[in-house]
Amino acid sequence: MTLYLPPLAQHDVRFPPVTEALDHPDGLLAIGGDLSPARLMSAYRNGIFPWFGEDDPLLWWSPSERAIIQPTEFHASRSLQKAARKSGMTVTLNQAFERVIAICAEIRGPEQTWITHEMQAAYCQLHHQGDAHSVEVWQGNTLVGGLYGVSVGAIFCGESMFSSTTNGSKFALWQFSQYFAHQGGQYIDCQMMTPHLASLGAQPWSRHTFIDALHAHRDRPIADGYPPQRLADWRIT
């Protein structure tokens, strides 16, 4: 079967309407363009994200269903809370973005990751201009978990997370959810629904519902932004 995708113009960062995304494969919307900060932010502001392999062309997606966490409804189980108190870990915000994205790529290996060197460089640019952020989990001075994503007003678009110890990524998402809610954040977009995300409180939203929420909140930044700071400290003293 032949698929037709509108190629993106090099000097125009606009995208086709997300209603034109394909049903098969679900959400595939456009091809080409580049990973410039302007194009990436145009994508996220319209419910679109890039996803492609090392040897693939640039592919842009807006799936029919999104996994959404409302930060006040993150499910921190009793066992997770107990594990946090015993962990001796520290959770921080925006203190090691480049290391977090690099590890997210490394743990999947070159055959499985979409976080190519080109993608890493592009998101590091977004981080330096204040649009992409990371959460880090530390065991002493060792980085053992984390996540990164893109802020679009009062919505945070999560991209990837990793854990090299039990509960590392859960600690990151839990503490970020608390901070985000306190600052007026509305929704965390986790892109694809999985049983793991469902266990943490994610709900499946239709594309239409997500886009409506995105348009309502994308121009309303959270109160204090994302200054580097410590979010939680479970160090045993």
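Reader: What radius of gyration would a compact globule of 237 residues have, and how does the protein chain compare?

Author: The globule rule is 2.2 Å times the number of residues to the power 0.38, with the radius of gyration taken over C-alpha atoms. With 237 residues the rule lands near 18 Å, and the protein chain has 18 Å, so the two agree. Those C-alpha atoms fill a box of roughly 60 × 35 × 35 Å along the principal axes. Keep in mind that this is a predicted model, in which local features need pLDDT of at least 70 and side-chain atom pairs count only at pLDDT 80 or more, while totals for chains, interfaces and linings use all residues. Residues are numbered from 1 along each chain as its sequence is written, and side-chain values use heavy atoms, with hydrogens and water left out.

Reader: How many helices and strands are there in the protein chain?

Author: Seven helices and 12 strands. Both are DSSP runs numbered from the N terminus: H or I over at least four residues makes a helix, E over at least two makes a strand.

Reader: What makes β5 and β11 partners?

Author: Two strands pair if DSSP finds at least two bridges between them. Strand β5 (residues 65-69) has four bridges to β11, and the two run antiparallel. Along that pairing, A67 stands opposite P204 in β11.

Reader: Which sheet do they belong to, and in what order do its strands come?

Author: They sit in an open sheet of eight strands with mixed pairing, ordered β11-β5-β10-β9-β8-β7-β6-β12. From one strand to the next, the twist averages 30 degrees.

Reader: Why are β11 and β12 said to stand at the edges?

Author: Each of them, β11 (203-206) and β12 (229-233), has a single partner strand, so one side of each is left without a neighbour in the sheet.

Reader: What is the order of strands in the open sheet of four?

Author: That one reads β1-β2-β4-β3, again with mixed pairing. Its edge strands are β1 (7-8) and β3 (49-50), each pairing on one side only. β3 and β4 (residues 59-61) are joined by two bridges in the antiparallel sense, and F49 stands opposite W61 in β4.

Reader: Which strands does helix α1 lie across, and at what angle to β8 does it run?

Author: Helix α1 (residues 37-44) lies across β8 (142-152) and β9 (155-163), at about 80 degrees to β8. Angles run from 0 to 180 degrees between N-to-C directions, using axes fitted to C-alpha atoms, for helices over the stretch in contact, where contact means heavy atoms within 4.5 Å. Helix α7 (residues 207-217) lies across β5, β8, β9, β10 (187-189) and β11, and runs at about 85 degrees to β11.

Reader: What makes α1 largely enclosed by the rest of the structure?

Author: Buried means under 20% relative accessible area, exposed means over 50%, and partly exposed is in between (1.4 Å probe, protein chains only). Seven of the eight residues of α1 are buried, so the helix counts as largely enclosed. Among them are L40, M41 and Y44. Across the protein chain, buried residues make up 55% of the 237.

Reader: How do you know how many disulfides there are?

Author: A disulfide is a pair of cysteine sulfur atoms within 2.5 Å, and by that rule the count is zero. For C124, the nearest cysteine sulfur, that of C104, is 11 Å away. For C157, the closest one is in C190 at 9.9 Å, which is too far for a bond.

Reader: Are C124 and C157 buried or exposed?

Author: C124 has a relative accessible area of 13%, so it is buried. C157 is buried as well, with 1%.

Reader: What kind of peptide bond joins H24 and P25?

Author: A cis one, with omega at about -5 degrees. P25 is in the loop between β1 and β2 (28-32).
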